[in-house]
Amino acid sequence: MARYTGTVDAPHSAEAVWSYLADLRSAGEWDPSVESVQLTSGEPRTETARYQLEVCFRGRSVSLPYRVVEVDRPNRVVFAAETDSVSVRDEARIEPVGVGGSRVTWDADLRLNGIRKVFEPLLRTLFARLGENAERGLGDRLRDPALDAPGDRISP
């Protein structure tokens, strides 16, 4: 198993941050390994939501069918993806901090399936690097004054 946990502070309320992160389309804005994200069915921020992510891993594109598995507004949201080769679980925990701010802890867990498990020691190092880049991107994005999720923006 490869796991990465990162924590960032935001000048936005826990509700605003939860609303942003609970729509997984936002990952395309802050995680540099995410090449594209599409909502494929259901309603964002609910357990009906299904997403298709294209993620760049070791120079190749990997398609991951994500779903929302737990919703606890505005404290927590959990996403999961599973393919023949990999199982992924991402959990965002949001807590209020100070006046109007919040703290996000993103916990990502990746497991290889089947015979691929022998590669997990190598995967830990690579996954840590991806996690560090995503944590940096998330921190930068959460400090932005405008924090509406991609699906909530009004097009001109």
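Two strands pair if DSSP finds at least two bridges between them. Keep that in mind as you open this predicted model and start the tour.

**Stop 1: a pair of strands.** Select residues 86-97, which are β6, and then residues 101-112, which are β7. These two strands run antiparallel and are joined by 12 bridges.

**Stop 2: the whole sheet.** Now bring in the other strands. The open sheet is made of 7 strands with antiparallel pairing, and you can walk across it in the order β1-β7-β6-β5-β4-β3-β2. Which strands stand at the edges? They are β1 (2-10) and β2 (34-41); each has a single partner strand, so one side of each is left without a neighbour in the sheet. As you step from one strand to the next, the twist averages 20°.

**Stop 3: a loop residue.** Go to Ser85, in the loop that links β5 (76-82) with β6. Ser85 counts as partly exposed because its relative accessibility is 24%, and buried would mean under 20%.

**Stop 4: the core.** In soluble globular proteins, nonpolar side chains tend to be buried together. Here, the largest nonpolar core has 39 residues. Select Leu21, Tyr66 and Leu142, the residues with the most contacts inside this core. Finish on Leu142. Beyond its neighbours within four places in sequence, Leu142 is in contact with Val8, Ala10, Pro11, His12, Val17, Tyr20, Val104 and Leu147.

How values were computed:
Residues are numbered from 1 along each chain as its sequence is written. This is a predicted model: local features need pLDDT of at least 70, side-chain atom pairs count only at pLDDT 80 or more; totals for chains, interfaces and linings use all residues. Side-chain values use heavy atoms; hydrogens and water are left out. A nonpolar core is a set of buried Ala, Val, Leu, Ile, Met, Phe, Trp, Tyr and Cys residues joined through side-chain atoms within 4.5 Å. Buried means under 20% relative accessible area, exposed over 50%, partly exposed in between (1.4 Å probe, protein chains only). Contact means heavy atoms within 4.5 Å. Helices (H or I, at least four residues) and strands (E, at least two) are DSSP runs, numbered from the N terminus. Axes are lines fitted to C-alpha atoms, for helices over the stretch in contact, and angles run from 0 to 180 degrees between N-to-C directions.
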